[in-house]
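Morning, everyone. I have one structure to show today, and I'll keep it brisk. Have a look while I bring it up.

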Amino acid sequence: MDRALHLALLLREGRRFSVQEAAEALGTAPSTAHRLLSALVHRGFAAQDRERRYVAGPVFVPQAPQVGAGLLRRLAYPVLQDLHERLGETVQLMVLSSNSILFIDGIEDVERGLRVGMRLNDKMPAYCSAGGKAMLAELSNPELERLYRGGLTPWPFARFTTLNALKRNLATVRRVGYGTSVEETERGVHGLGVSVHAPSGDVVAALTTAVPSVRFRRQDVPGYVEGLAAARASLEELLAAEAPG
């Protein structure tokens, strides 16, 4: 147990280990180091990067206090309905799960022949999604470095391949107040998203709209953003009303 804790602390400090290096750091046999590292991975204290070296796991990434998915869906559904009516496009609600996003609700535009299908209970890398970028932009650079210590998760339509490129994009997201996705989640889809906050100020979700690329026009962006911002304000007001006290 002491050796596992020692190894976890070294990982938290930013150390990266092969099995042999971990064995040398602990003064144990490689088989023992491998067993300890496997246990740490299982519990979320370690992960493996693209070079198969062991790095700090998701447990060491600060997570915002969670609002239950059931409560979020209940409060967000009328907000999504209003947003869908206002924008006339598919709208969705997502949460951040480590370095991925999880779609938990949405309303699909079914009246147009060309539309973007709604995702439900799907996961994908957060850095590819407009809403994911909006939530990632709330993290500090050290938090992002811990979250992506193993590198960016591969995705077939990814625009970014390095953390530094992602950081530059997130700086823009922080400045303008919303995230964008230009055919980064899937071909033929543009997205915009804003983060949603709990009364404490912590980010708990994101609201997004997805537009077929052939219908997307840059001059429409202010209208999309205005609608998303209004929906966020409504959902944050509902979350505040549900808060204890």
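One term before the numbers: a residue is called buried when its relative accessible area is under 20%. By that rule, buried residues make up 48% of the 245 residues in the protein. Please keep in mind that this is a predicted model. The protein has eight helices and eight strands. Now take the contacts between residues at least 6 apart in sequence: 59% of them join residues at least 24 apart.

Let's start with the strands. Take β3, residues 90-97. Which strands does β3 pair with? One partner is β4, joined to β3 by seven bridges, and the two run antiparallel. Within that pairing, V91 stands opposite I107 of β4. β3 and β4 form a hairpin, with two residues between them. In its turn, S98 has a positive phi of about 55°.

The other partner to mention is β8, which is antiparallel to β3 over five bridges. Here T90 stands opposite A210 in β8.

Stay with β8, residues 203-212. It also pairs with β7, residues 189-197, in the antiparallel sense, over nine bridges. V196 has A205 in β8 as its bridge partner. This is a hairpin too, with five residues between β7 and β8. G201 sits in the turn, and its phi is positive, about 100°.

How many residues of β8 are buried? The count is 10 of the 10, so β8 is largely enclosed by the rest of the structure. A reminder on strands: in a regular strand the side chains alternate between the two faces of the sheet.

Back to β4, residues 100-107. Seven of its eight residues are buried, so β4 is also largely enclosed by the rest of the structure. β4 pairs with β5, residues 123-125, in the antiparallel sense over three bridges. There, S100 stands opposite P125 of β5.

Now the helices. Look at α2, residues 19-26. Which residues of α2 are buried? They are A22, A23 and L26. Seen down the axis of α2, these buried residues fall within an arc of 100°, so they line one face of the helix. The general rule: an α-helix has 3.6 residues a turn, so residues three or four places apart point the same way.

What do the buried residues of α2 pack against? They pack against α1, residues 2-12, and α3, residues 30-42. For α1 and α2, the axes are 11 Å apart and the packing angle is about 115°. α1 passes α2 in a right-handed crossing. On the α1 side, R3, H6, L7 and L10 take part; they meet A22, A25 and L26 in α2. After α2 comes G27, with a positive phi near 70°.

First, K167, in helix α7, residues 163-176. Is K167 buried or exposed? Its relative accessibility is 17%, so K167 counts as buried. Its side chain makes a polar contact of 2.5 Å with the side chain of E145. Leaving aside neighbours within four places in sequence, K167 is in contact with N141, L144 and E145.

Then there is P154, in the loop between α6, residues 141-147, and α7. P154 is exposed, with a relative accessible area of 63%. P154 and M124 are 30 residues apart in sequence, and their C-alpha atoms are 10.0 Å apart in space.

That's the tour. Over to you.

Notes. Residues are numbered from 1 along each chain as its sequence is written. This is a predicted model: local features need pLDDT of at least 70, side-chain atom pairs count only at pLDDT 80 or more; totals for chains, interfaces and linings use all residues. Side-chain values use heavy atoms; hydrogens and water are left out. Helices (H or I, at least four residues) and strands (E, at least two) are DSSP runs, numbered from the N terminus. Buried means under 20% relative accessible area, exposed over 50%, partly exposed in between (1.4 Å probe, protein chains only). A polar contact is a pair of N or O atoms within 3.5 Å; within protein, one must be able to donate a hydrogen and the other to accept it, and residues adjacent in sequence count only if both atoms are side-chain atoms. Contact means heavy atoms within 4.5 Å. The arc is that of the directions from the helix axis to the C-beta atoms. Two strands pair if DSSP finds at least two bridges between them. Axes are lines fitted to C-alpha atoms, for helices over the stretch in contact, and angles run from 0 to 180 degrees between N-to-C directions. A crossing is left-handed if the near helix is turned anticlockwise from the far one by less than a right angle, and right-handed if clockwise.
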